[in-house]
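Work through the exercises below with the sequence and the 3D structure open. Try each task before reading its solution.

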Amino acid sequence: MSLRELYQDMILDHGKQPRNFGLLDNASHQHVGYNPVCGDKLKVYLNEQNNKIIAIQFEGVGCAISMASASLMTEAVKGKSFEEVHTLFNSFHELVTKGNDAETLGKLSVFSGVVEFPIRVKCATLAWHTLKAAIEHNPTSVSTE
Amino acid sequence: MMRDDFPILKTTMHGKPLVFLDSAASAQKPKQVVDAISNFYTTRYANVHRGIYELSATATKIYEETRDVIKQFIKADHHYDIVFVNGTTEGINLVAQSLGRMEWLAGDEVILSEMEHHSNIVPWYLLKEQIGIKLKVIPVDDDGALQLNDYEKLFSSRTKLVAITHASNVLGTINPIKEMIAIAHRHHVPVLIDGAQAIPHMPVNIADLNCDFYLFSAHKLYGPTGIGVLCGKKELLKNMSPYQGGGDMIETVSFEKITYAHLPHRFEAGTPHIAGVIGMKAALQYINQIGMDNVFQHEQELLAYTLPKLKAIPGVRLIGNTSQKVGVISFVIENMHAHDIGTVLDSEGIAVRAGHHCAMPLMQRFNVPATIRVSFGIYNHEQDIDRLIAALHLAKRILS
């Protein structure tokens with residue numbers, strides 16, 4: 001287990017300066033995700049046109065892992081269809097829970113160190129669960145529990 | 001060497017000797033406690049208050065004697081009775097339901113503080129939902145002390161109870177509860193004290209405090225989980241309705257008429273956590289040998305050793321800066337989240353708490369999502385703090 005593998009430069013960079021951060025006006029989908037164990041909370045907004053995500057932003061507070069995951073997720077899913085997002089979610093989940101790295105993950109592979117830190121899996125997946133719930137128009141807030 | 005009594009301190013975490021700095025969540029157990037429970041199950045176990053055979057009579061005797069050991073430990077005089085509960089949380093729920101739900105009306109008020117653990121907020125919030133009571137909240141100042149001027153102003157003719165913590169599980173603040181109890185009594189309002197976080201760290205004298213209810217859990221006091229104490233004034237307890245129904249809490253039962261057992265058994269339905277009580281007794285006897293004054297002194301020395309070292313780390317902000325503190329320190333480090341720090345400490349073999357500590361209103365008060373909390377037990381020593389400080393420097397190198 002290596003802390004450096006977990007806290008790679010890209011994760012620290014996105015954790016400190018998350019991309020696509022802030023409120024998105026007139027979002028077609030939005031959702032709040034919450035991890036009651038640690039208090040991490042974030043809100044994902046997106047705009048969908050012709051079944052494609054044309055804009056996505058998030059806001060919230062959390063640890064470096066959860067912020068970086070949300071930031072890199074927004075970069076990864078922009079322009080993708082909901083089906084493609086679903087597939088990517090599954091690949092990402094496989095990466096952080098089983099260590100299976102898929103080529104399609106691209107930059108998201110930077111989270112490969114998470115599998116060695118089971119306690120932090122929820123930090124890495126909070127944004128993804130929230131995005132999934134936003135897409136599915138789940139009216140209540142999503143929780144990692 | 002007292003550390004030798006705690007076998008877990010010889011284990012490792014991630015290959016490094018364990019430094020346990022999370023005793024405020026739950027303390028480690030000395031082998032005297034583990035052995036007492038093991039011996040009881042091995043050679044003396046039987047249900048209590050049941051059999052006419054010797055084994056049950058002996059178990060009953062040890063179980064009942066523990067009430068006296070507890071009363072001596074917290075200096076509760078003949079005005080008080082000891083009720084076994086499964087922990088502080090259950091004790092507060094018991095008072096909320098047996099006293100509050102039965103006796104209070106919509107519009108009646110309970111005074112809490114902003115630094116309460118969720119376990120001293122939610123039971124009262126449930127009453128608000130169930131019968132429409134109102135919650136009044138004593139604010140916390142920037143140093144983490146209760147604002148006593150505001151406290152006085154919260155009393156009204158509808159105030160039914162003050163329910164406050166003796167010491168904050170986040171800030172470490174020791175509240176001036178003796179003074180606060182006297183103020184409440186001038187308004188003829190009883191006071192419940194959540195002692196979960198005070199009892200492991202400092203001597204407590206119930207008769208001197210003159211509180212009406214005092215609660216604590218054994219597991220934070222080097223005893224087993226699942227057992228705790230509600231110490232209450234008999235005068236109040238005797239008029240309270242039963243909490244749960246079942247065996248052991250009744251005198252006679254028919255389908256037409258049930259009469260309840262006397263105190264304290266009226267509040268102890270069903271087969272109790274007998275081994276838990278035995279373990280708690282062993283824990284109290286163990287602590288008595290060390291002496292609570294010495295425990296307090298030891299933790300104050302560790303605080304004095306730790307605080308300057310923490311403050312010397314650039315970017316560290318302490319949450320809770322009162323002079324009267326138990327061995328509990330919360331802090332944040334600029335631009336670093338508590339969980340990331342916690343992960344680095346974990347990898348260095350150091351156990352601390354990182355999170356909201358079941359005190360979300362307090363986190364909001366200090367505008368932090370989470371803090372790192374370091375808390376002491378009797379087994380901590382200066383080397384633990386040196387390891388902590390070194391690991392915090394490592395966290396800064398890794399995370400920035």
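The model is predicted, so local features need pLDDT of at least 70 and side-chain atom pairs count only at pLDDT 80 or more, while totals for chains, interfaces and linings use all residues. Residues are numbered from 1 along each chain as its sequence is written, and chains are lettered from A and ligands numbered from 1 in the order in which they are written.

**Exercise 1. Describe the secondary structure and the overall form of chain A.**

Step 1: Helices (H or I, at least four residues) and strands (E, at least two) are DSSP runs, numbered from the N terminus. Chain A has five helices and four strands.

Step 2: Read from the N terminus, the order is α-α-β-β-β-α-α-α-β.

Step 3: The radius of gyration, taken over C-alpha atoms, is compared with the globule rule, 2.2 Å times the number of residues to the power 0.38. Chain A has a value of 14 Å, close to the 15 Å from the rule for 145 residues, so it is as compact as a globular protein of that length.

Step 4: A residue is buried if 20 or more other C-beta atoms lie within 10 Å of its own, exposed if 12 or fewer, and partly exposed in between, with C-beta atoms placed from the backbone. In chain A, 45% of the 145 residues are buried.

**Exercise 2. Determine how α4(A) and α5(A) are oriented to each other.**

Step 1: Two packed helices are described by the angle between their axes and the distance between the axes. Axes are lines fitted to C-alpha atoms, for helices over the stretch in contact, and angles run from 0 to 180 degrees between N-to-C directions.

Step 2: Helix α4 (residues 82–98) and helix α5 (residues 121–135) of chain A pack at about 165°, with axes 11 Å apart.

Step 3: Angles under 35 degrees count as roughly parallel, over 145 as roughly antiparallel, 65 to 115 as roughly perpendicular and the rest as oblique. α4(A) and α5(A) are therefore roughly antiparallel.

**Exercise 3. How many residues does each chain give to the contact of chain A and chain B?**

Step 1: Chain B gives 13 residues and chain A gives 15.

Step 2: On the side of chain B, α11(B) supplies the largest share, five residues.

**Exercise 4. Examine the backbone at A:Asn26 and B:Pro264.**

Step 1: Most residues other than glycine have a negative phi, and most peptide bonds are trans.

Step 2: A:Asn26 has a positive phi, near 55°. A:Asn26 lies in the loop between α2 and β1 (29–35) of chain A and is exposed, with 7 other C-beta atoms within 10 Å.

Step 3: The peptide bond from B:Leu263 to B:Pro264 is cis, with omega near -10°. B:Pro264 lies in the loop between β12 (258–260) and α9 (274–290) of chain B.

Notes: Contact = placed C-beta atoms within 7 Å.
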